[in-house]
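Here is a short briefing on one chain.

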Amino acid sequence: MLAGVAYVVIGRLFPAPAANVRAWRMAAWIVSLAIFAGQIFYEIRRVRSSARSCALHVATGVAMGAFGLAVAGTIHSLSTSSTIRPVWIISLVAWPAITAVPAFFVALGAAVLLRRFLELKDQS
């Protein structure tokens, strides 16, 4: 859940500076990647989750972040116009799904590799 909140904060705060937008977007991607990798490491190393459980938790955090950003976008859209466009309603479901599915598979692969690496390291 903490990762989901972090993704929303990154998504809302990093685009705020008007100068050097490209650099700020890149920074947001890098920080989000660090959170993603950190959550995988935490789940495997500290919590000792299975790879599937780790991937599910990571994908849930990503989906929560995407949902939070969709809600923020919807609220922003309402603040600039008096009606809500149907695309914002769709985004409340689509953004979490579109981000969580790939995040699950990437996290699953990374968790399997990390677990194997740590097992090999423990054996030596």
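Helix 1 supplies the largest share of the nonpolar surface patch, three residues. The patch consists of Met1, Val5, Val9, Leu13 and Met64. Together these residues have about 500 Å² of accessible area. The model is predicted.

**Surface patch**
- Leu13, one of the patch residues, lies in helix 1.
- Leu13 counts as exposed because its relative accessibility is 55%, and the cut-off for exposed is over 50%.

**Overall layout**
- The chain has four helices and zero strands.
- Read from the N terminus, the order of elements is α-α-α-α.
- Along the principal axes, the C-alpha atoms fill a box of roughly 65 × 30 × 20 Å.
- The chain has 124 residues, of which 31% count as buried.
- Among contacts with a separation of 6 or more, 68% join residues 24 or more positions apart.

**Nonpolar core**
- The largest nonpolar core has 15 residues.
- The residues with the most contacts inside this core are Phe36, Ile40, Ile44, Cys54, Val58, Ala107 and Ala111.
- What does Ile44 touch, leaving aside residues up to four places away in sequence? Its partners are Ser49, Ser50, Ala51, Cys54, Ala111, Leu114, Arg115 and Leu118.
- Two of those partners, Cys54 and Ala111, are also listed among the core residues with the most contacts.

**Aromatic pairs**
- A pair of aromatic rings is described by the distance of the centres and the angle of the planes.
- How many aromatic pairs are there? The count comes to two.
- The ring centres of Trp88 and Trp95 are 5.9 Å apart, with the planes at 70 degrees. This pair is therefore edge-to-face, as the cut-off is an angle over 60 degrees.
- Trp88 is buried, at 18% relative accessible area. Trp95 is partly exposed, at 35%.
- The rings of Phe104 and Phe105 have centres 5.3 Å apart and planes at 85 degrees, so this pair is edge-to-face too.
- Is Phe105 buried or exposed? Phe105 has a relative accessible area of 53%, so this residue is exposed.

- Val71 is in helix 3.
- Val71 counts as partly exposed because its relative accessibility is 29%, which falls between the cut-offs of 20% and 50%.
- Val71 and Ile89 are separated by 18 residues in sequence. Their C-alpha atoms are 9.1 Å apart in space.
- Ser91 sits in helix 4.
- Why does Ser91 count as buried? Its relative accessibility is 4%, and buried means under 20%.
- Leaving out residues up to four places away in sequence, Ser91 touches Ala70, Thr74 and Pro96.

Key. Residues numbered from 1 in each chain as written. Predicted model: local features only at pLDDT ≥ 70, side-chain atom pairs only at ≥ 80, totals over all residues. Heavy atoms only, no water. Core = buried A, V, L, I, M, F, W, Y, C linked by side-chain atoms within 4.5 Å. Buried < 20%, exposed > 50% of the residue type's maximum accessible area, 1.4 Å probe, protein only. Contact = heavy atoms within 4.5 Å. Patch = residues over 30% accessible without salt bridge, like charges linked within 9 Å, V, L, I, M, F, W, Y side chains within 5 Å. Areas by Shrake-Rupley, 256 points an atom, 1.4 Å probe, with all protein chains shown as cover. Salt bridge = Lys/Arg side-chain N within 4 Å of Asp/Glu carboxyl O. Helix = DSSP H or I, 4+ residues; strand = E, 2+ residues; numbered from the N terminus. Phe/Tyr/Trp six-rings, centres within 6.5 Å; stacked < 30°, edge-to-face > 60°.
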